[in-house]
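Subject: Structure handover and what I found

Hello,

Here is the structure for you to look through. Please open it first, then read my notes beside it.

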Amino acid sequence: MPWYKNAVFYEIYLRAFYDSNGDGHGDLRGLIQKLDYLQELGVDCLWLMPTYPSPLKDDGYDIADYRSIHPDYGNLDDFKALLEAAHARNLRLILDLVINHTSDQHPWFQSARADRNSPFRDYYVWSDDPQRYKRARIIFCDTETSNWTWDEQAGQYYWHRFYACQPDLNYDNPAVQDEILDVMRFWLDLGVDGFRVDAVPYLFEREGTNCENLPETHAFLQRMRRFVDEHYPDRLLLCEANQWPQDVRAYFGDTEGKEFHMAFHFPLMPRLFMALAKADYTPIRWVFEQTPPIPDDCQWCTFLRNHDELTLEMVTPEEREWMWKTYAPQRRMRLNLGIRRRLAPLLDNNRRKIELLNSLLFTLPGAPILYYGDEIGMGDDLNLSDRNGLRTPMQWDASPQAGFSTAKRPYASPVPTPGYRPQEVNVAAQMADPQSLWHAIRRMIRARKQYPSLQCGTLRWLEGNDPSIAAFERACNGQRMLLIHNLSSQTRPCAVKITNAKKLTNALTGQEFIHPLELQNYRLAPWEYLWLLLS
């Protein structure tokens, strides 16, 4: 089985993780010092948000140099040391690769805007008419009013699907395609285990379309996959495409050619929150019914939260309003078409709810991704702008700077909100407490790795009369697991009928049900969950 199909991923914002030199910024050497922690937690692959030189107008997703390291984080020698140390612990590492756009400070764009005859002019998309491609939506609708921006120096408009400081690359130019493959070669030669490829649906533009999911885009991505398969087997390409599953299915490839090994399952994420708030598992079941089969060597990536807003693009307008009212009642909690909050605050810091959603994450099909700090229930800081409120320093201990840095003024302060401050939420205290959230997450990770049915098993929903009980079976090669989740705030009878099982054992606690009738009469506490091995 490919390594990524049953891996547990851990997303790291390097600036926030650990500062090794006291300058107030997390760095590569700091991450090296924390690899033992990540190994102990049980994750398999680290995903680093962009670490490239950048003016940081979009936290590094505006890249100014694809082949180097931002000086705040260290240098290429530090990166090589990180790779060596991670691999020595059997931890893999993938990088964010932003291929849709660069920073407007990238030398390519600086040359392009300065001279119409520059060889880099055609690296970007220019126009005298800002009415072209009118059917393309504006993604950052809170801040941008157009996908075109006038550049005085260039004397033309340039195209951008995100912030105006991020001009889109022109993939109709073969030189741009070659550049991106060469960038991939640079990092793969250093030993990275793959890439999380950012914003892939928007690479090409065609009049009369919405400029998303175009055939030309798929043709280039197939070329990218052939390059990896030919020269770097066993490396990973993970697709970020915030689209419906039937549209994302094409990014895995088909008989014409392979594309990505993995893709994020964006529509599942908001429906986990919907199901919990409504005490009704129907939204979860519905989204899996809308999810087409994928090739055997591919896998979905599932998640509860990440570095971006909790996107609500893949819900109806009515569902979006309901989600905002339920999970983001204050306007400042919202951003674009989403919610800028971390997991614990979204769930009112309710430990049982936090565990329940993590249980669903680790037992439903797909490879789960944890966002740094969510394993201890870190909070957010809504006083910070944009998505910065959920990119605050990792809280390692109860000291004033949370053990993150010795600097008096780090890049950001730890979360100041009561209930989430470092003295209340930190790694050291939770690792010392066997009953903590950290230990609960660690147990889930270890149990998931122990049972093949949770890694790659089939999914079968068990019928019942109570929509608040999400019960499903995972099975693989004769090994069966029954997963039961009470989505309600009330104690509920289990009432799940079991066939072909003589004994059921809780994989997390060791508790045994000697006869299936015992389980049918069992009463589930509010937000209780059971991982039952059937024998």
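A nonpolar core is a set of buried Ala, Val, Leu, Ile, Met, Phe, Trp, Tyr and Cys residues, joined through side-chain atoms within 4.5 Å. Keep in mind that this is a predicted model.

**The cores**

The largest nonpolar core has 155 residues. Those with the most contacts inside it are Phe 9, Tyr 10, Leu 38, Ile 99 and Met 184. Take Leu 38. Leaving aside neighbours within four places in sequence, Leu 38 touches Tyr 10, Ile 12, Phe 17, Leu 31, Val 43, Leu 46 and Leu 91. There is also a second, separate core, with 17 residues. Among them are Leu 462, Leu 482, Phe 513 and Leu 524. As background, nonpolar side chains tend to be buried together in soluble globular proteins.

**Helix H4**

Helix H4 covers residues 76–88. Does its length fit what a helix should give, or what is the span? At 1.5 Å a residue, its 13 residues should span 18 Å, and the end C-alpha atoms are 18 Å apart, so the two agree.

The buried residues of H4 are Asp 78, Phe 79, Leu 82, Leu 83, Ala 85 and Ala 86. They pack against helix H2 (28–33), helix H3 (35–41), strand S2 (45–48), strand S3 (92–98) and helix H6 (174–190).

Now look at the ends. Asn 75 caps the N-terminal end of H4. A side-chain oxygen of Asn 75 lies 3.0 Å from the backbone nitrogen of Asp 77. After H4 comes Asn 90, with a positive phi near 60°.

**His 25**

His 25 sits in the loop between helix H1 (14–17) and H2. Its side chain makes a polar contact of 2.5 Å with the side chain of Arg 15. What else does His 25 contact, leaving aside its neighbours within four places in sequence? Besides Arg 15, the list holds Asp 19, Asp 72, Phe 404 and Tyr 411.

**Sheets and strands**

Three strands form an open sheet in the order S13-S15-S14, with antiparallel pairing. Strand S13 (310–311) and strand S14 (334–335) stand at the edges. Each has a single partner strand, so one side of each is left without a neighbour in the sheet. S14 joins strand S15 (residues 338–339) through two bridges. Leu 335 has Gly 338 in S15 as its bridge partner.

Elsewhere the sense is parallel: strand S7 (residues 194–198) and S8 pair that way over four bridges. Gly 194 stands opposite Leu 236 in S8. Strand S8 (residues 236–239) is covered on both faces. Leu 236 and Leu 238 are buried on one side, and Leu 237 and Cys 239 are buried on the other.

**Aromatic pairs**

How many aromatic pairs does a search of the whole structure find? It finds 41. One of them is Phe 140 with Tyr 163, a tilted pair at 4.4 Å centre to centre and 50° between the planes. This pair links distant parts of the chain, 23 residues apart. Phe 140 is in the loop between strand S4 (126–127) and strand S5 (148–151), while Tyr 163 is in the loop between strand S6 (156–159) and H6. Both Phe 140 and Tyr 163 are buried.

Tyr 171 and Phe 220 form another tilted pair, at 5.0 Å centre to centre with 55° between the planes. Tyr 171 is in the loop between S6 and H6, and Phe 220 is in helix H7 (residues 215–231), 49 residues apart. Tyr 171 is buried, with a relative accessible area of 1%. Phe 220 is buried too, at 2%.

Ring pairs also build a cluster from Tyr 52, Tyr 66, Phe 79, Trp 108, Phe 120, Tyr 123, Phe 186 and Trp 187. Phe 79 is one of the buried residues of H4.

**Positive phi**

Most residues other than glycine have a negative phi. Asp 59 has a positive one, near 55°. Asp 59 is in the loop between S2 and H4. Is Asp 59 buried or exposed? Asp 59 is buried, with a relative accessible area of 12%.

Asn 349 has a positive phi of about 60°. Asn 349 lies in the loop between helix H12 (343–346) and helix H13 (351–363). At 34% relative accessibility, Asn 349 counts as partly exposed.

Best wishes

Technical notes:
Residues are numbered from 1 along each chain as its sequence is written. This is a predicted model: local features need pLDDT of at least 70, side-chain atom pairs count only at pLDDT 80 or more; totals for chains, interfaces and linings use all residues. Side-chain values use heavy atoms; hydrogens and water are left out. Buried means under 20% relative accessible area, exposed over 50%, partly exposed in between (1.4 Å probe, protein chains only). Contact means heavy atoms within 4.5 Å. Two strands pair if DSSP finds at least two bridges between them. The expected span of a helix is 1.5 Å times one less than its number of residues. A polar contact is a pair of N or O atoms within 3.5 Å; within protein, one must be able to donate a hydrogen and the other to accept it, and residues adjacent in sequence count only if both atoms are side-chain atoms. Rings of Phe, Tyr and Trp (its six-membered ring) pair if their centres lie within 6.5 Å; planes under 30 degrees apart count as stacked, over 60 as edge-to-face and the rest as tilted.
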